[in-house]
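Reader: I would like to learn how to read a protein model. Can we go through one in short steps?

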Amino acid sequence: MTTFTPSTSDEVLSVVQWALEQEAPLEIVGHGSKRNIGRPQQTEHMLDLSGLVGVTLYEPEELVLSARAGTPLAEIEELLARNGQQLAFEPMDYGPLLGGTAGRGTIGGVLAANLSGPRRLKAGAARDHILGVHAVSGRGEAFKSGGRVVKNVTGYDLSKGLAGSWGTLAAVTELTFKVLPAAETEMTLAIRGLVDDVAIAVMALAMGSSAEVSSAAHLPEGVAQRVLGGALGGDAATLLRVEGFGPSVTYRVESLMELLGRAGQIDRIEADRARLLWRDIRDCVPFADGTEKPVWRVSVAPSEAAKLALALRMEAAAEAFYDWQGGLVWLRMEGDPEAETLRRLIRKLGGGHATLVRASPAWRAAVSIFQPQQPGLAALSARLKEQFDPKGIFNPGRMAAEAQSAKVAQS
């Protein structure tokens, strides 16, 4: 395999133009922290963007930061923290779950995977905070979209269109994100011992209250002991995060305690430990066990989450925990990914999305990793791919098995 390691956007453009001329597919990577999500790549050449590093613009007072695509996310988060700011959507780090090292993700990968974390209900995901990009299309053309100011966008926003495309539409070279002030403090309430369906109802009640809960998750019995180094104990924990100024947090926590006092034992988790706890939930640490046991990331209506997990357990060996008030269900299977079973149950419960984020290479090649699209949406996606990358140069087949017009590496 030939690996190209450009250090400038012009060099990226030259590599892509060469690949287009040769009809030679490219696997696009940063540090490879999410490389094992999606179908295994079979390309002869790799475009490694990890050499595109550095923050090119940071104006704290304007809440704007620009950086080259290969800049480590950890460096950006450290810079923001020093200035009392953050990426409010708290992007997940897939490294631990996929058997890699934490802190290896890049800012380009944040957009490619449209990352988010437990604050998704309040803050959204990467696509909701991206302001602009510079990129190279599969046509061998450099383009830019958006800008470097926080304002409304008219017309089609290509920056948001690239979110969640997993490097199949363009090679992004630079990104601009909106940043926000970090909360002064936070506190998490842990309601102990609730079964899944009751926990879902309690989280809905809390999220609908005036306490402005920013995150809500439920760790069933046995799963809870796998966060915070076991300090939370094994009993089920329903977690509610409150953030903001100190007096406000205290008042809102007290109101939640009064509202939920009959739900069961309630423990308070102070700011420092609370941040570590939500990081573990964000990064799916309960299932980061060093194995290749299949792990699914499932998005459903929160009211259906516990029903889905129960129905699945009736047909397959599975373990679950819940984020986003139940709207995000993490599932770990014991053997077969059970893709058809899972997606049948999702359809039966009103629909949703299931992505296989961890599995052996053999299963990744055999199973539909991403949720199959409805015909109309699939046709729209195909037209978008045709516009951006007509010869299938970028990450061919990563998101779905497909015929490629470009030359594919011979096995």
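Reader: How many salt bridges does a search of the whole structure find?
Author: First, a word on the source: this is a predicted model, where local features need pLDDT of at least 70, side-chain atom pairs count only at pLDDT 80 or more, and totals for chains, interfaces and linings use all residues. Residues are numbered from 1 along each chain as its sequence is written, and side-chain values use heavy atoms, with hydrogens and water left out. A salt bridge is a side-chain nitrogen of Lys or Arg within 4 Å of a carboxyl oxygen of Asp or Glu. By that rule, the search of the whole structure gives 20.

Reader: Which residue forms a salt bridge with Glu 186?
Author: Glu 186 sits in strand β11 (residues 185–192), and the partner sits in helix α8 (residues 271–282), 89 residues apart. Helices (H or I, at least four residues) and strands (E, at least two) are DSSP runs, numbered from the N terminus. The closest N and O atoms are 3.6 Å apart, and the partner is Arg 275.

Reader: Is Glu 186 buried or exposed?
Author: Buried means under 20% relative accessible area, exposed over 50%, and partly exposed in between (1.4 Å probe, protein chains only). Glu 186 has a relative accessible area of 7%, so Glu 186 is buried.

Reader: Which residues are linked with Glu 186 in a network of salt bridges?
Author: The pair of Glu 186 and Arg 275 belongs to this network. Besides that pair, the network holds Glu 90, Arg 119, Arg 241, Glu 243 and Asp 272.

Reader: Where are Glu 315 and Arg 344, which meet in a salt bridge?
Author: Their side chains come to 2.6 Å, N to O. Both are partly exposed: Glu 315 at 40%, Arg 344 at 36%. They are 29 residues apart, with Glu 315 in the loop between α9 and β16 and Arg 344 in helix α10.

Reader: Are Lys 385 and Asp 389 buried or exposed?
Author: The side chains of Lys 385 and Asp 389 meet in a salt bridge of 2.7 Å, N to O. As for accessibility, Lys 385 and Asp 389 are both buried.

Reader: Why do the buried residues of α9 line one face of the helix?
Author: In α9 (residues 305–313), the buried residues are Ala 305, Ala 306, Leu 308, Ala 309 and Leu 312. Look down the helix axis and take the directions from the axis to the C-beta atoms, which define the arc. The buried residues line one face because they fall within an arc of 160 degrees.

Reader: What covers the buried residues of α9?
Author: Contact means heavy atoms within 4.5 Å. The cover includes α6 (196–207), β15, β16 (318–323), β17 and α10 (339–348).

Reader: Which residue in β18 stands opposite Val 295?
Author: Strands of a sheet pair through backbone hydrogen bonds, either parallel or antiparallel. Two strands pair if DSSP finds at least two bridges between them. β15 (residues 295–300) runs antiparallel to β17 (residues 328–333), with 5 bridges, and 6 bridges join β15 to β18 (residues 352–358), also antiparallel. Val 295 stands opposite Arg 332 in β17, and in β18 opposite Arg 358.

Reader: What is the order of the 5 strands in the open sheet?
Author: The pairing is antiparallel. The edge strands, β4 (55–59) and β8 (142–146), each pair on one side only. The order is β4-β5-β9-β7-β8.

Reader: Which strand holds Ala 135?
Author: Ala 135 is buried at 3% relative accessibility. Among the residues that Ala 135 touches are Phe 143, Ala 171 and Val 172. The strand that holds Ala 135 is β7.

Reader: Which residues have the most contacts inside the largest nonpolar core?
Author: A nonpolar core is a set of buried Ala, Val, Leu, Ile, Met, Phe, Trp, Tyr and Cys residues joined through side-chain atoms within 4.5 Å. The largest has 102 residues. A second, separate core of 15 residues includes Ala 19, Leu 20, Leu 52 and Ile 393. In the largest core, the residues with the most contacts are Phe 177, Trp 296, Val 298 and Trp 330.

Terms used. Lists of a residue's contacts leave out its neighbours within four places in sequence.
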